[in-house]
Amino acid sequence: MALRLYNTLSGTIEEFKPSTDNTVRFYACGPTVYDYGHIGNFRTFIAVDLLRRFLRQSGYRLMHVMNITDVDDKIIRNASQRGVSIFDYTKKFTQAFLDDTHTLSIQVPEKIVRATDHIPEMAHLIEELAKKEIAYKTEDGSWYYRIAKFPQYGKLSKKDFDGMNDGARVDVDEYEKDNARDFALWKAPKEGEHSWDTAIGPGRPGWHIECSAMSMKYLGETFDLHAGGEDLVFPHHENEIAQSEGVTDKTFARSWMHVRFLLVEGQKMSKSLGNFYTLRDLVLMGHKPSSLRFLLSSVPYRKQLNFTFDGLTQAATSVERLRNFKRRLETTSWPEGVNAEIAALAEKAKAEMRSGMEDDLNTAQMLGAIFDLVRDSNALADKGGVHQDDVRPLLEALQQFDEIFDVLTDNDSPKIKAIVDWAKAEGLEEKIAPATMEMAKAASLSDEQIEALVQKNTEARKAKDFKTADAIRGELLEQGIILENTKDGVRWKRK
Ligand SMILES: [Zn+2]
């Protein structure tokens with residue numbers, strides 16, 4: 001079997017594999033760095049992360065390019081309101097975005113490229129379009145794309161633009177869904193706006209030309225896959241196709257992957273409804289990054305995901321269950337021997353996880369398989385049905401799961417602490433929940449320091465020095481570390 005992915009361009013599920021060699025060349029639209037990323041943005045970035053992890057698990061090499069849009073209408077507006085340059089303005093939010101992806105264990109693409117580092121490439125593309133009379137210049141020095149010259153316009157978004165008004169223009173980066181008009185490739189300089197001097201004159205690029213220029217520069221004129229949120233299908237991706245194929249007369253991206261929007265408590269997320277959350281908001285409210293990653297990964301990317309706080313709490317419980325199972329496997333003194341039933345259960349789980357992911361990245365099936373395995377194995381363990389040689393196949397199944405989900409390693413505390421430190425630096429102390437402070441504390445001790453204290457606690461208990469033992473336990477609890485007594489000794493975990 002092979003990976004089957006839904007391709008927005010063909011409107012069908014297709015077998016997906018790279019066209020030339022073992023490397024998948026793909027481009028995913030990155031953030032526009034005008035603010036902190038919200039959970040809707042991160043659903044998309046996590047979906048792309050799940051794809052890249054599954055491709056790697058399937059043995060492919062990756063050339064994944066992601067852009068940072070550091071010049072557009074919103075950035076120019078916000079920077080000028082604050083009286084800073086777009087460069088100063090975007091620097092902070094670019095770093096914040098990169099920090100947030102780290103917090104959510106999103107792998108770093110092979111190449112991250114900034115729009116403002118590629119202005120000459122964009123101007124060159126517009127020149128090429130002008131040679132073919134697809135781009136034209138207006139009196140003020142702006143450049144537009146003449147969509148009447150590209151009859152396939154609408155093929156991605158499946159829109160029929162017959163009868164459109166040839167020559168009608170739109171100069172904003174984002175516009176209404178039924179608005180088929182010549183769109184801006186290049187905008188003439190305006191008072192107070194940063195502009196660049198280029199071969200096609202002074203000015204600054206439109207949003208769409210960026211992605212055409214940068215994707216083709218690093219991936220070639222035709223590449224395997226282009227991804228983004230569903231809101232990008234039109235106009236952004238439709239325009240990217242028109243620009244790129246207008247120049248090359250070749251297929252731009254062979255396959256297109258679009259990630260569905262999420263709802264928050266059943267409603268569209270918006271600032272006016274008060275249900276708009278950034279990753280940082282949720283962490284300050286007392287939620288772990290791993291809970292959010294788990295929740296955002298749990299619903300297959302083409303299905304509507306309804307984000308709820310109940311769901312987030314359940315996600316935390318689910319992650320905890322998986323971590324506890326792994327800890328149990330690793331710290332219990334299992335009796336010698338093997339139980340053939342366990343190997344069969346582990347194989348079944350592995351096959352189901354794989355076939356789920358091959359089915360258009362069905363993460364829900366993957367979760368079902370791993371939790372069945374955890375439940376059945378725990379039940380067998382409780383009856384003495386797990387032996388030393390059963391541990392390895394179970395850990396292998398967990399690893400196969402975690403290569404995609406990446407929630408088993410307990411690394412939440414230092415990430416939470418970094419956000420707490422940021423909030424303090426930004427004067428947002430009042431937004432930090434007590435639970436968040438507690439969890440951040442657990443980052444102050446390293447695993448080795450904790451192990452040493454746990455050892456001391458065990459020794460004190462053996463020597464019946466319960467006063468010392470209790471003092472150590474209290475000290476650890478104060479630092480957000482919980483001790484659990486088991487028949488195989490003391491286990492610890494972070495809150
Ligand atoms: Zn883009």
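Student: How many bridges join strand 1 to strand 2, and do they run parallel or antiparallel?
Tutor: Four bridges join strand 1 (residues 4-7) to strand 2 (residues 12-15), and the two run antiparallel. Strands pair if DSSP finds at least two bridges between them. Strands (E, at least two residues) and helices (H or I, at least four) are DSSP runs, numbered from the N terminus. This is a predicted model: local features need pLDDT of at least 70, side-chain atom pairs count only at pLDDT 80 or more, and totals for chains, interfaces and linings use all residues. Residues are numbered from 1 along each chain as its sequence is written, and side-chain values use heavy atoms, with hydrogens and water left out.
Student: New topic. What coordinates the zinc ion?
Tutor: Cys-29 (SG), Cys-211 (SG) and His-236 (NE2), at 2.1 to 2.3 Å. Donors are N, O and S atoms within 2.8 Å of the metal (3.2 Å for Na, K and Ca); water is not among the atoms, so sites may look incomplete.
Student: Where do Cys-29 and Cys-211 lie?
Tutor: Cys-29 is in the loop between strand 3 (23-28) and helix 1 (39-57), and Cys-211 is in helix 5 (residues 207-219), so the pair ties together parts 182 residues apart in sequence.
Student: Is Cys-29 buried or exposed?
Tutor: Buried, at 8% relative accessible area. Buried means under 20%, exposed over 50%, partly exposed in between (1.4 Å probe, protein chains only). Cys-211 is also buried, at 0%.
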